[in-house]
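Hi everyone, thanks for coming. Today I'd like to talk about salt bridges, so let me put the structure up.

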Amino acid sequence: MNSIPTLFKEAFLFKPQLHKDTRGTFMEVYEKKTFEKLIGRKIDFCQENYTVSKKGVLRGLHYQLVPFSQSKLVKVIHGTVLDVIIDIRKGSPTFGRYFSQVLNAENDLLLFVPRGFAHGYITLTEKATFMYKVDNYYNPQKEGGIAPDDPDLGIDWKLPKAEWIQSEKDKMHPRLNSAHLFDYKQDLYA
């Protein structure tokens with residue numbers, strides 16, 4: 001597995017090695033020891049989630065507050081999405097900046113989203129299957145969100161807003177400057 005840097009020193013793209021032969025293909029998507037060495041710390045994923053979305057579905061921008069903050073390891077199994085992460089740690093040198101990456105089955109990239117970052121994606125193909133691991137359990141009382149159309153962020157979602165399909169809850173997320181966020185010096189892994 002090779003790591004590829006992103007805009008953020010804490011977030012990484014990963015490219016697993018694909019093995020092909022006459023039977024088909026094999027890929028080791030996650031191996032704990034190798035992954036922990038690449039990110040430079042221990043991590044214990046406790047849950048894996050799976051979504052299927054049609055074109056235009058925008059999920060996010062989501063995060064969990066302490067003590068339920070979550071790191072994620074995300075991968076697209078089928079179709080194509082634009083995946084976006086935002087640094088929401090007040091005081092961070094990269095606070096309010098975002099990184100986006102097209103993820104699909106052809107590029108086989110995985111994205112590691114560390115705690116302290118909001119995460120979302122939009123489906124760019126007729127259908128996409130998205131899987132992700134998390135290192136902490138979901139708590140509805142500690143969920144947060146950022147409006148994906150916040151003009152201060154200026155995210156290019158690759159599809160016009162008229163084509164977005166969002167949950168009612170996601171439509172109600174505040175702008176970054178009004179959201180409950182993290183402190184850069186806060187230990188999000190405690």
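Predicted model: local features only at pLDDT ≥ 70, side-chain atom pairs only at ≥ 80, totals over all residues.

Residues are numbered from 1 along each chain as its sequence is written, and side-chain values use heavy atoms, leaving out hydrogens and water.

Side chains of opposite charge can pair when their charged atoms come close. A salt bridge here is a side-chain nitrogen of Lys or Arg within 4 Å of a carboxyl oxygen of Asp or Glu. How many salt bridges does that rule give? The count is 15.

Let's start with aspartate 44 and lysine 32, whose side chains form a salt bridge at 2.7 Å, N to O. Aspartate 44 is in the loop between helix 1 and strand 5 (47–54), and lysine 32 is in helix 1, so the pair ties together parts twelve residues apart in sequence. Helices (H or I, at least four residues) and strands (E, at least two) are DSSP runs, numbered from the N terminus.

Is glutamate 36 buried or exposed? Glutamate 36, in helix 1 (residues 32–39), is buried at 11% relative accessible area. Buried means under 20%, exposed over 50%, partly exposed in between, with a 1.4 Å probe and protein chains only. Its salt-bridge partner at 3.9 Å, N to O, is lysine 42, which is exposed at 67%.

To join these up, Lys32, Glu36, Lys42 and Asp44 are linked in a network of salt bridges.
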